[in-house]
Amino acid sequence: DAKDHQNSAPNNKLPQQSNDGTSASTVENPRSASSLPTGEHEVFLSFRGPDTRQVFTNTLFILLRRLSIRTFMDDEKLEKGDEIWPSLATAIRQSKIHVAILSENYAYSKWCLRELVKFVECRKQDKRHIILPIFYMVDPGDVRHQTGPYQSAFQQHEKKFDSKTVQDWRDALNEVGTIKGWPGEIADRVCNEIWLHIRQNDKFLDRDRLVGIDDHIRAVTDELSLDSEGVTMVGLHGLGGIGKTTIARAVYNQISTSFDRCSFLENIREMQEQKNVDNDVEGKNLIKDRVSMFKVLIILDDVDEKFKFEDVLGNPGQFASGTRFIITSRNEKVLRTVGENQCKLYEVGQMSPRISLELFCKHAFKKTRPPPGYETLSQDIISIAGGLPLFLEVVGSLLYGEEKPIWEEKLVQLRKVSLKGVAERLKISYDVLEAETQQIFLDIACFCIGMEKEIAIYMWSDLKYLSLLSRINSLIQRSMIKIGYDNKFQMHDQMRDMGREIVREENIEQPWKRSRIWDPEEALDLLQNKRGSKQVKALCANFTWIPDLGLKPLKRQHFLKLPELRYLEALGARFNGDFGNIFPNLRWLRSKAHRGMIIIRLIFI
């Protein structure tokens, strides 16, 4: 039952997993015969190739690519076997929108039916997954009830497969057949529908947990002057943890459907520290060519004095009339120099005591007011918080479900650090964690932000950490991390900075004696000067910022002083020589060559 699909995207790659989902080994290389798709897609197309490939599916795929929507479309030449199903299932789970092109012979393919079952399963687990059925020359009633052409398909299946499998397929068709879908003659309208769904889901926010944000949304929207011509820039400034990014996301969600193109660029300060922001002429020309004709909305989140708007994006005047920029920064002075002083300023001030109390209570009591006996304690904590939403979230989550003596004990601790920085005040939530949970938190802060949860779990499992899901849930419940819509780790930049400062303080003067090294220049110094120690457990060496001829190949001797290394990410590095038995404790390796773009990911379980 080979599934007849076509892959028009050269980079359409599936994440590799073993059949039991516990380990993986992937080599990505355009010339490799075994190079299966890897990575994240926004849309997964499920279709029966002979029915729709030439007449509909290819057209839809091309339209989606023109909108830069990352779409998975299986390869018709790829031999199907049960060994690749975990990879297909992962690609489905990572996609936001599942498109089922239900044609006359769709139900004859066991692969199409397995994909459909996975679509339904994902939606039951998370309602934000969207199933979009396209009824291509079939009646929705035949899909729902397995009549017409679908009846004969199931007569064959009942002879080949067990009753549970067949019933699962029937249930999936019944559920998808009840969803309002599209006829199969209007690919452009289907494409627009997908585009709108992606923009609406791009920056998901749990509005039930937001407090006191509506006034900020109205104020920023007014500053944007959406009805006026020209290009407008609004800068949000204020303390770290005050809520600038949350406000920017909320405004983005509210107004994004009014624009032709939208982009939310997060953590720019972090990307610049990792040297992941390019200031090249080619890049600016590419931006000019691609967006100059479109009315766009761009969010630049967390910029600092290192960020130069014109160096990265060019002159604001090159963008189409109606374009809007929202820029967030802790530094008001930075925003005053953006776009030749054209940026309007909006200060995100501290929360009022009333709003602070409501936000704190939502996390500490799961209600908007404190219960009897906790009013004074709550007000004392509010006075220490200084109107910082992140601090209120973290401390409220820390105290949830605790008895009054614990509250009083924590209040004493908070008063001792109330005059110190935000990171020092947040550290109280780290100090109460168990030792292994602390190590997981530090790994996420230093390396795993943006990493899929399951990938990190492989590594921690091999370190014999127990109760991993409980530990991760504990960090989520304490508002120290979040799991995004794409199942990847997220962390507030203040919390990230706090975690990295804990590691930095392990040895302030000698970075090669710390447990984790993530700074590119410190990593370069360690390797080129053959430094290291048994303390180093994880190393992220990003050398993509160094000119191609400016980095000497890494050899065995560069790693001799790193016997305890368990995590190694070397981007832009060249390796030369025999590395046998040099990494006895390594559990994660990712290397991206300066040329050839070969990525190797190895997870040892």
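The model is predicted, so local features need pLDDT of at least 70, side-chain atom pairs count only at pLDDT 80 or more, and totals for chains, interfaces and linings use all residues. Residues are numbered from 1 along each chain as its sequence is written, and side-chain values use heavy atoms, with hydrogens and water left out.

Colleague: What pLDDT does the protein average?
Modeller: pLDDT is the predictor's confidence in each residue, from 0 to 100. At least 70 is reached by 81% of the residues. The average for the protein is 80.

Colleague: Which element has the lowest mean pLDDT?
Modeller: Helices (H or I, at least four residues) and strands (E, at least two) are DSSP runs, numbered from the N terminus. Strand 14 (residues 516-517) has the highest mean, 96. pLDDT stays under 50 over residues 1-39, and again over residues 594-605. The lowest mean, 27, belongs to strand 1 (residues 24-28).

Colleague: What share of the 605 residues counts as buried?
Modeller: Buried means under 20% relative accessible area, exposed over 50%, and partly exposed in between (1.4 Å probe, protein chains only). The protein has 23 helices and 18 strands. Of its 605 residues, the buried share is 53%.

Colleague: Which residue in strand 5 is the bridge partner of His 98?
Modeller: Strand 4 (residues 97-102) runs parallel to strand 5 (residues 130-135). Six bridges join the two. The partner of His 98 in strand 5 is Ile 131.

Colleague: Which elements do the buried residues of helix 3 pack against?
Modeller: Helix 3 covers residues 110-125. Its buried residues include Trp 111, Leu 116 and Phe 119. They pack against strand 2 (43-46), helix 2 (85-94), strand 4, strand 5, helix 5 (149-160) and helix 6.

Colleague: How many residues of strand 9 are buried?
Modeller: In a regular strand the side chains alternate between the two faces of the sheet. In strand 9, Val 296, Ile 298 and Leu 300 are buried on one side, and Leu 297 and Ile 299 on the other. Of the five residues in strand 9 (residues 296-300), the number buried is five.

Colleague: Which residue in strand 10 is the bridge partner of Leu 300?
Modeller: Strand 8 (residues 261-265) pairs with strand 9 in the parallel sense over five bridges, and Phe 264 stands opposite Ile 299. Strand 9 is also joined to strand 10 (residues 324-329) by four bridges, again running parallel. Leu 300 has as its partner Ile 327.

Colleague: How far apart are the end C-alpha atoms of helix 19?
Modeller: The expected span of a helix is 1.5 Å times one less than its number of residues. With 14 residues, helix 19 should therefore span 20 Å. The model agrees, with its end C-alpha atoms at 18 Å.

Colleague: How far is Ile 247 from Val 220 in space, C-alpha to C-alpha?
Modeller: Ile 247 lies in helix 9 (residues 244-255) and is buried, with a relative accessible area of 3%. Contact means heavy atoms within 4.5 Å, and the contacts of Ile 247 beyond four places in sequence include Val 220 and Leu 236. Ile 247 and Val 220 are 27 residues apart in sequence, and their C-alpha distance is 8.6 Å.

Methods: Pairing = 2+ DSSP bridges.
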